[in-house]
Amino acid sequence: MDIDSYRFRAPKPNYLPHKQDVDRDSIVEEYNTPLGLASEMDNAKFYAKCQRYAQEAGITRPRGYNVSFHCNPDMEQHHFGQTHPMKPWRLTLSKSLIYSYGMSFAMDNYISRAATYEELASFHSTDYLDFLGTVLPEPIPRDLENQNPDLKFNLGGSDCPLFEGLYDYCSLSAGGALDAARKITSKQSDIAVAWGGGLHHAKKAEASGFCYINDIVIAVLELLRYYPRVLYIDIDVHHGDGVEEAFFSTDRVMTVSFHKYDPNNFFPGTGALEDNGPKSEHNPGAHHAVNVPLNDGITDEQYGWLFDKVIGQIVDKFRPGAIALQCGADSLAGDRLGRFNLQVQGHGACVEYCRKMNLPLILFGGGGYTPRNVARAWTYETSIAIGCQDKLDPLLPPHAPWRDHFRHETLFPTLEQILGEPRQNRNTQKRLTEIVQHVTEQLRFVEAAPGVQFQTIPPDLAGIRDDVEARLKEENEEKRDELRRAHEAAIGTPMEL
């Protein structure tokens, strides 16, 4: 483990030529509380405490498989606006808690580079990317004074504001997801964690739902170069419409979304039970979109039962070569936008179910608008990825940074602590059974082995990747000795089969 990965990094230049210099030292705040920067000595002390915690708790590398963790601190410093629900600082809070539990010593840790323009263009239109990279920031959303503003590519409103460093933020998010996909396809990782990704609403040429670049689609396109079929699962409280639309007409990707469905009152209003892909049976994508619409108040027990029944059938029939799991934390109880009664344990049970399938797996982030909830969930789910969830102390480590932001000292707060009183559960068992029956009937029309030989293989971006990574190789050479010494310290050492 490299101690440098704990340190703050100044922003790197944009890949586009029109980069403007921006002083962002004070741009990241949470509830008007400046975060500040740790000193070199504080960083060293924190590193030592994390190392000691890993030793005492027995946090080691999992047996028989490898997990990688992908992030870039530069992404965490961006700010959508003081009143906007999306807080990139949640990534800082999540990463610090994961490190505090000593889990970094059980994974390969990567500071992912930003995605290049060409890599983003593997899915997004060049007109959209050019505008995204050149448009100037606007501190006040256009729809505050005009309810029907003219928004090009849906950019500039309260939903998708134009903030400082927008293109940097987007390319860093996509870069982490793409790095995770490449570690999977190169067999360097069996599970890759990219909490900075998961922005599932973005379309080919349109921003939507706080999402500007669809990093999931870009990562799945990379997976499709190596795997005949990829299963995409979405447990965000919102429908994964952008990913479903991107793979609407292919039988190589099956999309499954569990979400709150209220078309008149809840964004994005899509994802009905009957929305199963193209209506024409001649379209390869027919029946390859599975939607699981839910009502307010669903519980851990109901969600787990439904996930087991739906995903179990799909894996048996579709036979994916890899799984992409979007772990949006806005489906947790107490989220600023969500309305479910899910707790950290119930949310994490979905990750555990997918891990036990022993298929290559990418864990993406996604929604989540109460940062302390997000940090708890993604910390617990990282522990599931490395198989050490039973070794975690339910009490948050005393050395965890910003510990007072969690309100309660436990990793697993009760519904009473989170909500006071749980939300009314509007999901009947009869309705959940009907959903399972519908999915069962839908899968009857899915071929067990789709005709992948007739599908277009995504473009090979290896040349672009090699050029960029060659420039970075020299910078990383000097860090190898530190990494070797960390491995030799017998912390997080791979276990024998």
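How many disulfides does the count come to?

Reply: This is a predicted model, in which local features need pLDDT of at least 70 and side-chain atom pairs count only at pLDDT 80 or more, while totals for chains, interfaces and linings use all residues. Residues are numbered from 1 along each chain as its sequence is written, and side-chain values use heavy atoms, with hydrogens and water left out.

A disulfide is taken as a pair of cysteine sulfur atoms within 2.5 Å. By this rule the count comes to 0 disulfides. For Cys160, the closest cysteine sulfur belongs to Cys211 and lies 7.1 Å away, too far for a bond. For Cys170, the closest cysteine sulfur is that of Cys160, at 9.3 Å, which is again too far for a bond. Buried here means under 20% relative accessible area, exposed means over 50%, and partly exposed is in between, with a 1.4 Å probe and protein chains only. Cys160 is buried, at 0% relative accessibility, and Cys170 is buried with a relative accessible area of 3%.

The aromatic rings come next. A pair of aromatic rings is described by the distance of the centres and the angle of the planes. Rings of Phe, Tyr and Trp (its six-membered ring) pair if their centres lie within 6.5 Å; planes under 30 degrees apart count as stacked, over 60 as edge-to-face and the rest as tilted. The structure holds 17 aromatic pairs. One of them joins Tyr128 and Phe153, edge-to-face, at 5.4 Å centre to centre with 70° between the planes. This pair links distant parts of the chain, 25 residues apart: Tyr128 is in helix α5 (residues 126-134) and Phe153 is in the loop between α5 and α6 (166-185). Helices (H or I, at least four residues) are DSSP runs, numbered from the N terminus. Both Tyr128 and Phe153 are buried.

Tyr380 and Phe412 have ring centres 5.1 Å apart and planes at 90°, so this pair is edge-to-face. Because Tyr380 lies in helix α11 (residues 371-385) and Phe412 in the loop between α11 and α12 (415-419), the pair ties together parts that are 32 residues apart in sequence. Tyr380 counts as buried, at 11% relative accessibility. Elsewhere, ring pairs link Phe80, Phe163, Tyr169 and Tyr212 into a cluster.

Charges over rings complete the account. A charge sits over a ring if NZ of Lys or CZ of Arg is within 6 Å of the ring centre and within 35 degrees of the ring normal. Lys260 lies over the face of Phe266, at 5.2 Å from the ring centre, and Arg444 lies over the face of Phe445, at 5.5 Å from the ring centre.

Terms used. Helix = DSSP H or I, 4+ residues; strand = E, 2+ residues; numbered from the N terminus.
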